[in-house]
Structures are given as structure tokens and as C-alpha cells.
Amino acid sequence: MYCRKCKSLLQEDSHICPKCGTDNDATMDLSDVVYKLNLKKKKQRPVTVAILFLFLTVGIISLYLIKDSKAILENEKITIPNTTQAIQDIKKLKYEDITLEYPGTFGKTASTIFYKTNANIYINISIIDASEYNNLINGNECLDSLLGNINTKTFAEENSYNHLFMLNNKYYNITVHYPNDDKIYTEAIQLNISKILNSIKEK
């Protein structure tokens, strides 16, 4: 058996410690034990506070990161449509009872939409009388076509093609002029011309 105070080895049947004189048979002094337990609790408290502080800090940082990422995404959502709109820069030509939309690479006069880089590429709109309309249809090999939701008769000539149609008792002739050169009249320009023609709407 060992002395509960100084931990010295006691002789058998001896309860009094020869070294410190503690009576090991006596009732244990609980105040010493309570003191030591309190001391342990006090040592543990700063650790608990530090852990709580760490969790709180991580939580706050996470919230700020989430808010920042949301703000970035919102800015991107706002910026992308504006950029696309600026690139497209869609404009309108209104002529009699119809409208056509065209991109910023094209310009317009009162009845013409032209390609800004090459004035030999353009779309001309005109009102013709009934006899001219019939002469054009009868004098050319016309095919049935559709521009937007308008039925037309179309035929080709050298360096141009036409769309003829009647709307609100008016006869329209839309003529597309282009140079006979694939390097100038590229597929991209042809696609733009097609989009302009198919944007046709009745006012």
C-alpha cells in the first residue's frame, strides 16, 4: 500500500506514513480532491472556448464566401445578357405594312438594308403595281417560298433573287443583291441575310 499524500511505500499493516506522517486510515480529505477537480475544469474551459471560437470563425468565413460567390454569379448573370445584346445590336426597318430586323453590321435607308462593309450586298423593298407583279410572276420561273409567316413567290436573276407577295392589297417586291464571289458573299453574310428576311413581320 502507498501513502495517499506522498506516495511512499508503507509497510504491511502500517497506516501511518513514516515519511510524511499522513494517517492513511483516516477519512479522505475531500476538499483536496474537489480543488484538483476544479483545477482540471478550469484547464478544460479555455480549450472549450477556443474550440467554440474556431467553429464560430469558420462559420462566419463560410457565410462571407457563400455571399461573395452568389454576388459573383449574379454579376455574371447581369453581364452576359448585356454583352450579348451589345454584340447583336438589333435594329428595325419599317416600310409600309412590314418590318424587318437587322444586326449592327448592316445599315439602312428608307427602303434598303445594306451590308456596311460592302454596299454591293443589300436588300431592297419596293411597292409595285398589280400588272408589274403579274409580269414578274409570269415572266420568271417562280417557286413558292415562305418568309417568316408570309407566303411569297421567289425567283432568281444574275446576282440577285426576289420575293414577291401581296399584303393588305399592296404588292411587294423584296430584292436581294449580292456579288457573285464566295470570298465576298460568304456563308456568314448569307446567313445574316436569311435571318433578316425571315424576321419579316406585318406591322
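How do the residues of the lining of the second largest pocket divide into nonpolar, polar and charged? Six are nonpolar, two polar and two charged. Keep in mind as you look around that this is a predicted model.

**The pocket**

Let's start with that pocket, which has a volume of about 150 Å³. Its lining is made up of I90, E101, Y102, P103, A188, L191, N192, K195, I196 and S199. Two elements give two or more residues to the lining: strand 2 (98-102) and helix 3 (187-198). Helix 3 has the largest share, with five residues.

| Pair | Sense | Bridges | Residues standing opposite |
|---|---|---|---|
| Strand 1 (residues 91-95) and strand 2 | antiparallel | five bridges | K91 and Y102 |
| Strand 2 and strand 10 (residues 201-202) | antiparallel | two bridges | I98 and E202 |

Strand 1 and strand 2 also make a hairpin, with two residues between them. In that turn, E96 has a positive phi of about 50°.

Now for the inside. Nonpolar side chains tend to be buried together in soluble globular proteins. Here the largest nonpolar core has 24 residues, and I98, I174 and I193 are those with the most contacts inside it. Quite a few elements give two or more residues to this core: strand 1, strand 2, strand 4 (112-115), strand 5 (122-128), strand 8 (160-167), strand 9 (170-177) and helix 3. Helix 3 gives the largest share, four residues.

**A closer look at I98**

Which residues is I98 in contact with, leaving aside its neighbours within four places in sequence? The list is L93, I125, F165, L167, Y172, I174, I200, K201 and K203. One of these, I174, is itself among the residues with the most contacts inside the largest core. I98 also stands opposite E202 in strand 10, while K201 and K203 are both on its contact list.

Key:
Residues numbered from 1 in each chain as written. Predicted model: local features only at pLDDT ≥ 70, side-chain atom pairs only at ≥ 80, totals over all residues. Heavy atoms only, no water. 1 Å grid on protein atoms, 1.4 Å probe; cavity = no way out; pocket = protein on both sides within 12 Å on 5 of 7 lines; lining within 4 Å. Points joined across faces, edges and corners; volume = space filled by probe spheres on them. Nonpolar A, V, L, I, M, F, W, Y, C, P; charged D, E, K, R; others polar. Pairing = 2+ DSSP bridges. Core = buried A, V, L, I, M, F, W, Y, C linked by side-chain atoms within 4.5 Å. Buried < 20%, exposed > 50% of the residue type's maximum accessible area, 1.4 Å probe, protein only. Contact = heavy atoms within 4.5 Å.
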